[in-house]
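Biologist: I have a model open and want to learn to read it. Can we start with how helices pack?

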Amino acid sequence: MQPIRAEIALARVLAYLQWTGVNIDAQVERQALSIVAEALETDAPDFFQACMERTKERFELSQAAVPVPSPPICRASIGYGVH
């Protein structure tokens, strides 16, 4: 059986909210359900994008801090001899 796109969208919206630090409670779940329902009613060409745009509009989300990809380069000798 193929997953239903509304079910996938709801899971994505809730996961996104959780990853951005929103505490998932019954009220947040109801808001997420209404977001998905509204996106279904509009019959948008890109359903998932419509859900995510509505999510960003409805919730006050904290900006995700991007981690540094690697430690800063520190030029120093590691004990090799003179070449």
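Modeller: Two packed helices are described by the angle between their axes and the distance between the axes. Here H1 and H3 pack at an angle of about 35°, with axes 10 Å apart. Axes are lines fitted to C-alpha atoms, for helices over the stretch in contact, and angles run from 0 to 180 degrees between N-to-C directions. Helices are DSSP runs (H or I, at least four residues), numbered from the N terminus. This is a predicted model: local features need pLDDT of at least 70, side-chain atom pairs count only at pLDDT 80 or more, and totals for chains, interfaces and linings use all residues. Residues are numbered from 1 along each chain as its sequence is written, and side-chain values use heavy atoms, with hydrogens and water left out.

Biologist: Which hand does the crossing of H1 and H3 have, left or right?

Modeller: The crossing is right-handed: the near helix is turned clockwise from the far one by less than a right angle.

Biologist: Which residues make the contact?

Modeller: Contact means heavy atoms within 4.5 Å. H1 contributes residues including Ile8, Val13 and Leu17, and H3 residues including Phe47, Cys51 and Thr55. The contact residues divide into 10 nonpolar, one polar and three charged. Ala, Val, Leu, Ile, Met, Phe, Trp, Tyr, Cys and Pro count as nonpolar, Asp, Glu, Lys and Arg as charged, and the others, Gly among them, as polar.

Biologist: How many residues are in the largest nonpolar core?

Modeller: A nonpolar core is a set of buried Ala, Val, Leu, Ile, Met, Phe, Trp, Tyr and Cys residues joined through side-chain atoms within 4.5 Å. Buried means under 20% relative accessible area, exposed over 50%, partly exposed in between (1.4 Å probe, protein chains only). The largest one has 14 residues, and Leu17, Phe47, Cys51 and Phe59 have the most contacts inside it. H1 (5-19), H2 (26-42) and H3 (47-58) each give two or more residues. H2 gives the largest share, five.

Biologist: What does Leu17 touch?

Modeller: Leaving out residues up to four places away in sequence, Leu17 touches Val22, Ile24, Val28, Thr55, Phe59 and Leu61.

Biologist: How many salt bridges are there?

Modeller: Side chains of opposite charge can pair when their charged atoms come close. A salt bridge needs a side-chain nitrogen of Lys or Arg within 4 Å of a carboxyl oxygen of Asp or Glu. The whole structure has two. Glu38 pairs with Arg54, closest N and O atoms 3.6 Å apart. Glu38 also pairs with Arg58, at 2.4 Å. Glu38 lies in H2 and Arg58 in H3, so this pair ties together parts 20 residues apart in sequence.

Biologist: Are Glu38 and Arg58 buried or partly exposed?

Modeller: Glu38 is partly exposed, at 29% relative accessibility. Arg58 is partly exposed too, at 39%. Glu38, Arg54 and Arg58 form a network of salt bridges.
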